[in-house]
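In this notebook I record what I looked up in the structure shown below. I begin with a sheet and then turn to a pocket.

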Amino acid sequence: MKIRPLSIEGAYEVTPVVHGDARGSFTEWLRFDKLAEVLGRPVTMTQGNISVSAAGVVRGIHYADVPPGQAKYVTCARGSVLDVVVDLRMGSPTFGAWEGVVLDDRTRRAVYLSEGLGHGFCALTDDATMTYLVSTAYNPSAEHGVHPMDPDLAIDWPASSPVLSGKDTNAPSFAEARAAGLLPSWDRTAPS
């Protein structure tokens, strides 16, 4: 398993070894010990989620109040997505930056996002199936979003006519979320 830091501190691309033969394949898609070694702290996940999306669906940009925040470990079990990490932490050296990683059912790559980072993805195939492990249980009153098509973020979504949920369509812009004091603070999320 190879764990590579992304350009946004606290975000990592995880590339497992896929063992294949005539029967199919086998992969260790998560090793808590290896991830904890890289992070320098224990990894605790408390909830697992699955979403299935049609090609062109964009979900996100989602994040949770810090503390406690919600770290995520995401992978694409079926199909392909462009997974996007956005630095929403005010005061961070990469505040407002984003990075995308293609996750698919061939490479079995995953992305780990620390608390305070925004997350979204665009389904590149029909029936794109995402699995999420998250560090804290879903709390609707602590979850927020930023409009994924916000020109200030300038995310290069690979969809000619993106399909959004009503919640994501009505999410505030990056500037509105910042002005309303909804964004997490770097000093509350920075690794100690």
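I found an open sheet of 5 strands in the order 9-8-11-6-13, with antiparallel pairing. Strands here are DSSP runs (E, at least two residues), numbered from the N terminus, and two of them pair if DSSP finds at least two bridges between them. Strand 9 (98-104) and strand 13 (143-145) stand at the edges with a single partner strand each, so one side of each has no neighbour in the sheet. From one strand to the next, the twist averages 25 degrees (axes are lines fitted to C-alpha atoms, and angles run from 0 to 180 degrees between N-to-C directions).

I note that the model is predicted: local features need pLDDT of at least 70 and side-chain atom pairs pLDDT 80 or more, while totals for chains, interfaces and linings use all residues. Residues are numbered from 1 along each chain as its sequence is written, and side-chain values use heavy atoms, without hydrogens and water.

I looked up strand 8 (residues 80-87), which runs antiparallel to strand 9 and is joined to strand 9 by 7 bridges. S80 has D104 in strand 9 as its bridge partner.

Strand 5 (47-53), strand 6 (58-64), strand 11 (117-123) and strand 12 (128-134) each supply at least two residues of the lining.

Conventions. Helix = DSSP H or I, 4+ residues; strand = E, 2+ residues; numbered from the N terminus.
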